[in-house]
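Me: I'd like to learn how to read charge pairs and the core in a model like this one. Can you walk me through it?

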Amino acid sequence: MKIEEAIVYVLTKRNGGMTTDQIAETINRLGLHMRKDNQPVTSKQVYAVICRFPEIFTKEAGRIMLMI
């Protein structure tokens, strides 16, 4: 699945939001997204996706949450 889909999946399973580190760790642990270079997803990569989709994600008090 695409990384943005993986982030949505992770956040729907957790109420109250998560940090980018927690999201990246969960995506890697569950194997939800595989990078082209087979490296684990990083928190910086998660943050970049969050910034690219402001209509889906919001950041409050250091935690990422779904807008939908």
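This is a predicted model: local features need pLDDT of at least 70, side-chain atom pairs count only at pLDDT 80 or more; totals for chains, interfaces and linings use all residues.

Me: How many salt bridges does a search of the whole structure find?

Reply: General idea to begin with: side chains of opposite charge can pair when their charged atoms come close. In this structure the search turns up two salt bridges. One joins the side chains of Glu 25 and Arg 29, at 3.1 Å from N to O. In the other, Arg 35 pairs with Asp 37, and the closest N and O atoms are 2.7 Å apart.

Me: Where do Glu 25 and Arg 29 lie?

Reply: Both sit in helix H2, four residues apart, which is about one turn of the helix.

Me: What about Glu 4, which has no salt bridge?

Reply: Glu 4 belongs to helix H1 and is buried. The nearest side chain of opposite charge is Lys 2, 4.5 Å away, and the cut-off for a salt bridge is 4 Å. Setting aside neighbours within four places in sequence, Glu 4 is in contact with Val 49, Phe 53 and Phe 57.

Me: Which other residues of H1 are buried?

Reply: Besides Glu 4, the buried ones are Ile 3, Ala 6, Ile 7, Val 10 and Leu 11. Look down the axis of H1 and these buried residues fall within an arc of 160 degrees, so they line one face of the helix. Their cover includes H2, H3, strand S1 (57-60) and strand S2 (63-66).

Me: Now the core: which residues touch the most other members?

Reply: The largest nonpolar core has 17 residues, and the ones touching the most other members are Ile 7, Leu 11, Ile 23, Ile 27, Val 46 and Phe 57. Helices H1 (3-12), H2 (20-30) and H3 (43-52) are the elements that each give two or more residues. H1 supplies the largest share, five residues.

Me: What is Ile 23 in contact with?

Reply: Leaving out neighbours within four places in sequence, Ile 23 contacts Ile 7, Leu 11, Met 18, Val 46 and Ile 64.

Methods
Residues are numbered from 1 along each chain as its sequence is written. Side-chain values use heavy atoms; hydrogens and water are left out. A nonpolar core is a set of buried Ala, Val, Leu, Ile, Met, Phe, Trp, Tyr and Cys residues joined through side-chain atoms within 4.5 Å. Buried means under 20% relative accessible area, exposed over 50%, partly exposed in between (1.4 Å probe, protein chains only). Contact means heavy atoms within 4.5 Å. The arc is that of the directions from the helix axis to the C-beta atoms. Lys and Arg count as positive and Asp and Glu as negative; His and the chain ends are not counted.
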